[in-house]
Amino acid sequence: MTAETAHPWAVQGDDALRAHVAEELSRTRQRSAQLTDAVDDEDLERQHSPLMSPLVWDLAHIGSQEELWLVRDVGGREAVRPDIDDLYDAFQHPRSDRPQLPLLGPTEAREYVGTVRTKVFDLLDGVPLQGRRLVDNAFAFGMIVQHEQQHDETMLATHQLRRGEPALHAEPPPPADDRALPAEIVVPAGPFTMGTSTEPWALDNERPAHDVRVEAFALDTTPVTNGQFQRFIDAGGYRQQQWWSPDGWAFVQRAELEAPRFWFRDGDRWMRRRFGHVEPVPANEPVMHVSYHEAAAFSAWAGKRLPTEREWEKAARFDPSSGRSRRYPWGDDDPGPDHANLGQRHLRPAPAGAYPHGEAPCGARQLIGDVWEWTSSDFRPYPGFTAFPYREYSEVFFGPDHQVLRGGSFGTDRAACRGTFRNWDYPIRRQIFTGFRCARSLSRDEIG
Ligand code: AVJ
Ligand code: FE
């Protein structure tokens, strides 16, 4: 029998649910507007990296998905722009080709997303939120909020790739707690409930809840820092084949890697470019912009390994006092500013050891927010998985090509992140806000 904490939807009653949807849609649109208003039209249409779409593509794609699911499907309304469905179908055109398409310009794209949103607010008043799986608990609206937030994080990654003066601004994150933390914590062996069958806006790949057994393991209390990663660089780790998998070694040779992306040397110190600022690499901040291969090589060099996805989720959700899995490391409350660094509130990860109120029962910190964390697991369906509402969200990505990322980054919104949330990417990707922490299997003596 699976054991999730009972977490009734904080929003109770039909009117409150509609109000919550409206609030989440508006809050999210403000972020999309901020990301796209921060630069001029030319910048919006330019491709800042072949890895990314022009920002103006992301903006109209956000509107296109909202039109497809909310205006047409949920609302049963007439199509707004059926002529542009193909342009904004991510499966029709690879990111690198998107600048060549006859895309909507910045003014047209803004008008389009505004028109769609007006129709959505209009239909939100009257549409039934029950009786059909797509609308139960306003799921389709939650899916569209998350979709827009995911593209906002993608646009934030485009901002990081963009050259030029800083265009975005935010307060610095909170400092590390001054109490000394142990380097690693231990999670005892035993079963726990992974995934969810109760979280209303959880996406298909997080479902259903199922019990898995996890052997005892040790996990780093915090993500690996820049200072720790620099010791690997200084020790020659990028040039020593013994730490790398065959694929990792081939990649590091071919791409001639010698440090995380956006780092460069200035005399004998490491500098980095961060949203247009050039600054010394801060030693106590979680490392980011490393590929899975670099994370795995560091772990091997440190005598450790990356956690499996199961281990990561058990550390983040399992509450030994109740035997249940919770929504977040701190419990079942929605993330607040004291729990985790999310939502682009800050434009960088907080130092390792920050967010004492976000600590998990096992003692691990910063599992949610700051940096995505590579796991050693590839992206697979849970037992009992069914694609919903479309195969192209998760199912077509299952298999050995994608590695699972957990926990969200400073650029992930709270609506698009929870203890069960699964992200994935190719193991060579470095432009995303991704770091890692190490794990270790325990020897028989340590288990006692
Ligand atoms: C879940 C972040 C891998 O951005 O590629 C966006 C989410 N799916 N539009 C991505 C997504 C369709 C997806 N990730
Ligand atoms: Fe999308």
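Residues are numbered from 1 along each chain as its sequence is written, and chains are lettered from A and ligands numbered from 1 in the order in which they are written. Because the model is predicted, local features need pLDDT of at least 70 and side-chain atom pairs count only at pLDDT 80 or more, whereas totals for chains, interfaces and linings use all residues; side-chain values use heavy atoms, with hydrogens and water left out.

H147 and H151 are separated by about one helical turn because they stand four residues apart in helix 5 (residues 139–161). Helices (H or I, at least four residues) and strands (E, at least two) are DSSP runs numbered from the N terminus. Both positions are buried, H147 at 9% relative accessibility and H151 at 12%. Here buried means under 20% relative accessible area, exposed over 50%, and partly exposed in between (1.4 Å probe, protein chains only).

The protein is divided into domain 1 (3–161) and domain 2 (172–448), with bounds from an automatic or database domain assignment. Their C-alpha centres lie 27 Å apart. In the interface, 35 residues of domain 1 are in contact (heavy atoms within 4.5 Å) with 50 residues of domain 2. About 3800 Å² is buried between the domains, 58% of it on carbon and sulfur atoms; buried area is the accessible area (1.4 Å probe) that two parts lose on being put together, summed over both. Three salt bridges cross this interface.

A salt bridge is defined as a side-chain nitrogen of Lys or Arg within 4 Å of a carboxyl oxygen of Asp or Glu, and the count by this rule is 45. One of the pairs joins R440 and E184, at 2.4 Å from N to O. R440 belongs to strand 14 (residues 439–441) and E184 to strand 1 (residues 184–187), so the pair ties together parts 256 residues apart in sequence. E184 is partly exposed at 25% relative accessibility. R272 and E279 form a further salt bridge at 2.9 Å; R272 is buried at 5%, as is E279 at 13%. The pair of R380 and D378 has an N to O distance of 3.0 Å, with R380 partly exposed at 39% and D378 partly exposed at 23%. D413 and R27 meet at 2.8 Å.

L257 is placed in the loop between helix 7 (246–254) and strand 5 (263–266), and is buried at 11% relative accessibility. Leaving aside residues up to four places away in sequence, L257 touches Y238, F251, V252, E294 and R430.
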